[in-house]
Amino acid sequence: MVADWYDGFVLESEWTKPGEAAAGRYRLILTNRSGQALRNFRLGFSGPARVSDSAELAGGRVVTQISNFCEIAPDAGFTLQPDASWTIDIGKLDYPVRHWTDGATTGFVIREDGSTIPAITIPTRLAGSDKPRKRGTMRLRAAAAAPVPISVIPWPKMVEVGGWRTAPHGFSLRGEDEAAEQVADDFAALTQFLFPGEGLVRDEQEDGYAVDCDIDGNLAAEAYAIEFSPDGATITGGSPAGLLYGLVTLGQIQRGARREAQDFAFPTAGRIEDAPAMRWRGCHLDVARRFYSSEEIKQFLAILAWNKLNIFHWHLSDDEAWRVEIEAYPELTEVGAWRGYGMAIPPLLGSGPEPTGGYYSKDAIREIVALGEAFAVEIVPEIDVPGHCFAMLQAMPQLRDPGENGFYHSVQSFPNNCLNPAVDAVYGVVEAIFGEMIELFPSRYFHVGADEVPVTAWGSSSKARELLRELGGEGTAALQAHFLGKVQGFLTSKGKITGAWEEAARGGGIDKVNCYMVGWHTVEASQKLAAEGYQVVVAPGQAYYLDMANGEDWHECGAAWAGWSSPEKAYKFEPSLGWSDEERGKLLGVQACIWSEPMTDRAVFDRLVFPRLSAIAETGWTARENRNFERFAALAGLMPNLYGQFEQA
């Protein structure tokens, strides 16, 4: 509902499913509550769904379209009178509106002089339905009472505890040496991010339960053990990371016993022994489609640590934006970090007409990387090349081949969005950018994207055709392989391991010795990469892409190109099912991927990401024989989310 006092414009949208209208119908309704007649105007709007080039419109015509941003003008001579509405029926989108977040998320009126007036934009509704839209973290309903006495996610390798007591109010941590003291301080900082005001770490005189902390190099690096006694506990980690994970487990046990005392308890005897099943337990976050502040990133790192995830794959560039400060090329952030009406990058994915966006300064990145180290989270940067470079090329048009006079479009409908492997200047720019970033990110890994280059890319570039003849190859795969070989050579010379999405395996441009691949497009892709000899991180869209909806229901939020994945489906997915022993030897681990196109608000983020993130974390940490979804469902409600948004009962 729109407040009665509002005296502007209101944009509504409605989806009619196929069958009720031949191929599905998308209807936009703009209502004029301004009190003045409107003439010679256009409607600008954006959202994940895109108006097709071959769309049939009734009531208007497409004036401009770039990816999911579209301008529609009414028929000539049309006047939108006060308190009247203008209706546009769109007969074809690039894909159907499968969930409520697919539709227009922001709209605005464009006057004849180019000025804009924002419109209140109501989320898309489904014709004939009054069901509420689903938002906020899903509350899993356990079939019965908690099947275990303590609450821990991911579940440990060995749990033999008993002798219950009232849960302590907090812990007094005592490090055996300086390294252990530092971990204790890092854990205290972690709990302040996640649970401010709870006093989970406190002094002994403030009723702090005594916890002795030690590091023993005889244990595996990420392993830990907890010994319980009536008077306190002792945690031993094989490294600072292992000790931190032991403290996280103890913190989870305490919070479960205090918050849900009818289901969980705190031990006074016994032992927990634990170590991860997989080396790579990752989460990817796309900050190009939607910008997340430094404070949000820090909070998210704390959540990763609480889930014992050890890799943060930071997707810092894409068609929609460039998000990292590069001193050699300030135009990348001056132009590429911002979008808005009349700017080099238009309003996209719900951006308004006003300039919006942002980027991470080098100082901010240093702070975030340092926090990741304290929380045992390795931060892997990604700059996506040669595709997904629309924002970069808008900022640096000199990198285009001036002789490229034709158009190709990406799958997201961005025109000519790829760095050209035949333009020599491209390599100097990429190396300068990567060089500055290597100084910021100490991780041994550097991800270069390499996904979704259109098969028609560079087709009208005379430079590209000439290079292709020299290479003796065919098509874009050969050109991309040439490009990636040079980029990987540079990264290898700097001591880095090159990461890439699965498409980088095409054309043979990546040296398998110094790289890893992320399989994403299908469930089978990762096994194929492992069979070809690549180190593999498993992240299939069908199970581990957290922008996919939680279910088929139209009223769920999220995307649907890979189907849907409920928490149970994500939890029960077996990343190496059917693999040979040799193929399993190439498995680095698993990774959740958060693509931000549907993240229209905080409640949408919390519903899509949680508790599925914890489900994937348990797959990466807990051995297959120790995983149990019923136990997970009983415990997941105690795990933190990012924004504190939960579904309504």
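The side chains of Asn68 and Ser67 are joined by a polar contact of 3.4 Å; a polar contact is a pair of N or O atoms within 3.5 Å, where within protein one atom must be able to donate a hydrogen and the other to accept it, and residues adjacent in sequence count only if both atoms are side-chain atoms. The model is predicted, so local features need pLDDT of at least 70 and side-chain atom pairs count only at pLDDT 80 or more, while totals for chains, interfaces and linings use all residues. Residues are numbered from 1 along each chain as its sequence is written, and side-chain values use heavy atoms, with hydrogens and water left out.

- Asn68 is located in the loop between strand 6 (61-66) and strand 7 (69-73); helices (H or I, at least four residues) and strands (E, at least two) are DSSP runs, numbered from the N terminus.
- With a relative accessibility of 4%, Asn68 counts as buried; buried means under 20% relative accessible area, exposed over 50%, and partly exposed in between, for a 1.4 Å probe and protein chains only.
- The side chain of Asn68 also reaches the backbone nitrogen of Leu349, at 2.7 Å.
- Neighbours within four places in sequence aside, Asn68 is in contact with Phe45, Ser46, Gly47, Pro48, Ala49, Arg50, Leu348 and Leu349, contact meaning heavy atoms within 4.5 Å.
- Ser46, one of these partners of Asn68, belongs to strand 4 (residues 42-46) and is buried, its relative accessible area being 0%.
- A polar atom of the Ser46 side chain lies 2.9 Å from the backbone nitrogen of Gly350.
- Residues up to four places away in sequence not counted, Ser46 touches Asn68, Phe69, Ala104, Thr105, Thr106, Pro347, Leu348, Leu349, Gly350 and Ser351.

**Trp100**

- Trp100 is placed in the loop between strand 9 (85-90) and strand 10 (106-110), and it counts as buried at 5% relative accessibility.
- Its side chain reaches the backbone oxygen of His555 at 3.2 Å.
- Trp100 and Pro123 are separated by 23 residues in sequence and by 6.9 Å in space, C-alpha to C-alpha.
- Pro123 is among the residues that Trp100 touches, and others include Arg133, Lys134, Arg135, Trp554, Glu556, Cys557 and Val604, not counting residues up to four places away in sequence.

**Helix 8 and helix 9**

- Two packed helices are described by the angle between their axes and the distance between the axes.
- Helix 8 (residues 462-471) and helix 9 (residues 475-493) pack with their axes 10 Å apart and at an angle of about 80 degrees; axes are lines fitted to C-alpha atoms, for helices over the stretch in contact, and angles run from 0 to 180 degrees between N-to-C directions.
- That angle makes helix 8 roughly perpendicular to helix 9, where angles under 35 degrees count as roughly parallel, over 145 as roughly antiparallel, 65 to 115 as roughly perpendicular and the rest as oblique.
- In helix 8, Ala464, Leu467, Leu468 and Leu471 meet Gly475, Ala478, Leu479 and His482 of helix 9.
- The contact of helix 8 with helix 9 has, by class, six nonpolar, two polar and no charged residues; Ala, Val, Leu, Ile, Met, Phe, Trp, Tyr, Cys and Pro count as nonpolar, Asp, Glu, Lys and Arg as charged, and the others, Gly among them, as polar.

**Backbone geometry**

- The peptide bond that joins Ile153 and Pro154 is cis, with omega at about -5 degrees, and Pro154 is found in the loop between strand 12 (125-126) and strand 13 (158-162).
- A cis peptide bond also runs from Phe610 to Pro611, where omega is near 5 degrees; Pro611 lies in the loop between helix 14 (602-609) and helix 15 (612-621).
- Asp207 is not a glycine, yet it has a positive phi of about 70 degrees; Asp207 lies in the loop between helix 1 (178-194) and strand 15 (208-215) and is partly exposed, at a relative accessible area of 46%.
- His388, also not a glycine, has a positive phi of about 55 degrees; His388 is in the loop between strand 25 (378-385) and helix 6 (390-395) and counts as buried at 2% relative accessibility.

**Cysteines**

- The disulfide count comes to zero, a disulfide being a pair of cysteine sulfur atoms within 2.5 Å.
- For Cys593, the closest cysteine sulfur is in Cys283 at 7.6 Å, which is too far for a bond.
- Cys593 is buried, with a relative accessible area of 0%, and Cys213 is buried, with a relative accessible area of 0%.
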